[in-house]
Amino acid sequence: MKKMPHLATVLGCWSFLVFSVNAALAEPKYGKDADPLWKKTHSQYFKNNEAPDFWALVGYYLPQVNGRACSATSFTMVANALRRANPYTREDAILTVESFARKYGTEDYIEALFGKIPPIASGAFANKNLEKIFQSAVEKLGIAKLGAEGAKFIQLDAQKEKVDWAKQFHEALVANEKSADDFIIINFLQGRLTGDPEGGAHVAVIAAYDAKKKSVLVFDPDREYYEPYWSPEEAVLDAIADPKADSKGQVGWFHIKSIK
Ligand SMILES: [Ca+2]
């Protein structure tokens, strides 16, 4: 995440003002809970598993276009992956973050993404609002006939114990790994995984689940600073459940799926 002076907002990708700190430059880029893909720490996973989500997503792995666009970028990747088998013509364009937002976003969402005024008070990036936008988009894109079935925000129940959350998240990962007809987009505290204390509230796509190592491959759209990284399942849940991951206490993940 980063070091541009960014009027971060609890409603954007990053949750606080960030400025360059020279001392931080001596720290390694990745902490103990993030292994970048190039290290091949999970090479056996790719030898022994189909990795359906990874192969469907990798061609559409996008960088976020600004500090507010992590959720829009993550959804755009997923939408393209779910539309991959469409009978495209030469004239058909692949969805970009901007075309997704302008075609399927609401006026306040577009303003929150690209406008001059930071989206502090609009609520445009609240998870329940994003859920509505994603639901509308999957329906209009032909991904799901009923958008509400194609895009859901799975909110962790605050009344339940962490052990229940762990079970719920594990079951979601196992089910999601079975096919590229569905994807999980997580709302999480980025620094909990990368080790960078400046990494605030963020959104990314899960590209794979290594059940043997209980590890999650995160396609982080913050590509100016990160490549895909593997993180322990338990750490990813911690990052999702952290109260700082969402200003309204709506912690959880999005489940986007194709329903024909
Ligand atoms: Ca899947």
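**Reading strands, backbone angles and core in a predicted model**

Visitor: Which residue in E6 is the bridge partner of Asp35?

Guide: Trp230 in E6 is the bridge partner of Asp35. Residues are numbered from 1 along each chain as its sequence is written. The model is predicted: local features need pLDDT of at least 70, side-chain atom pairs count only at pLDDT 80 or more, and totals for chains, interfaces and linings use all residues.

Visitor: How is strand pairing to be read, and in which sense do E1 and E6 pair?

Guide: Strands (E, at least two residues) and helices (H or I, at least four) are DSSP runs numbered from the N terminus, and two strands pair if DSSP finds at least two bridges between them. Strand E1 (residues 35-36) and strand E6 (residues 229-232) pair in the antiparallel sense over two bridges. E6 also pairs with strand E5 (residues 215-219), in the antiparallel sense and over four bridges; there, Val216 has Ser231 as its bridge partner in E6. The protein chain has ten helices and seven strands.

Visitor: Is Lys40 buried or exposed?

Guide: A residue is buried if 20 or more other C-beta atoms, placed from the backbone, lie within 10 Å of its own, exposed if 12 or fewer, and partly exposed in between. Lys40 is exposed, because 11 other C-beta atoms lie within 10 Å, whereas Lys214, with 13, is partly exposed. Of the 260 residues of the protein chain, 46% count as buried.

Visitor: Which residues have the most contacts inside the largest nonpolar core?

Guide: A nonpolar core is a set of buried Ala, Val, Leu, Ile, Met, Phe, Trp, Tyr and Cys residues joined through C-beta atoms within 7 Å. The largest has 72 residues, and Val78, Ile185, Ile186, Val205 and Ile240 have the most contacts inside it. Not counting residues up to four places away in sequence, Ile185 touches residues including Ser74, Val78, Val205 and Trp253; contact requires C-beta atoms, placed from the backbone, within 7 Å.

Visitor: What average pLDDT does the protein chain have?

Guide: pLDDT is the predictor's confidence in each residue, from 0 to 100. The protein chain averages 90, and 89% of the residues score at least 70. Over residues 2-11, however, the pLDDT is below 50.

Methods
Contact = placed C-beta atoms within 7 Å.
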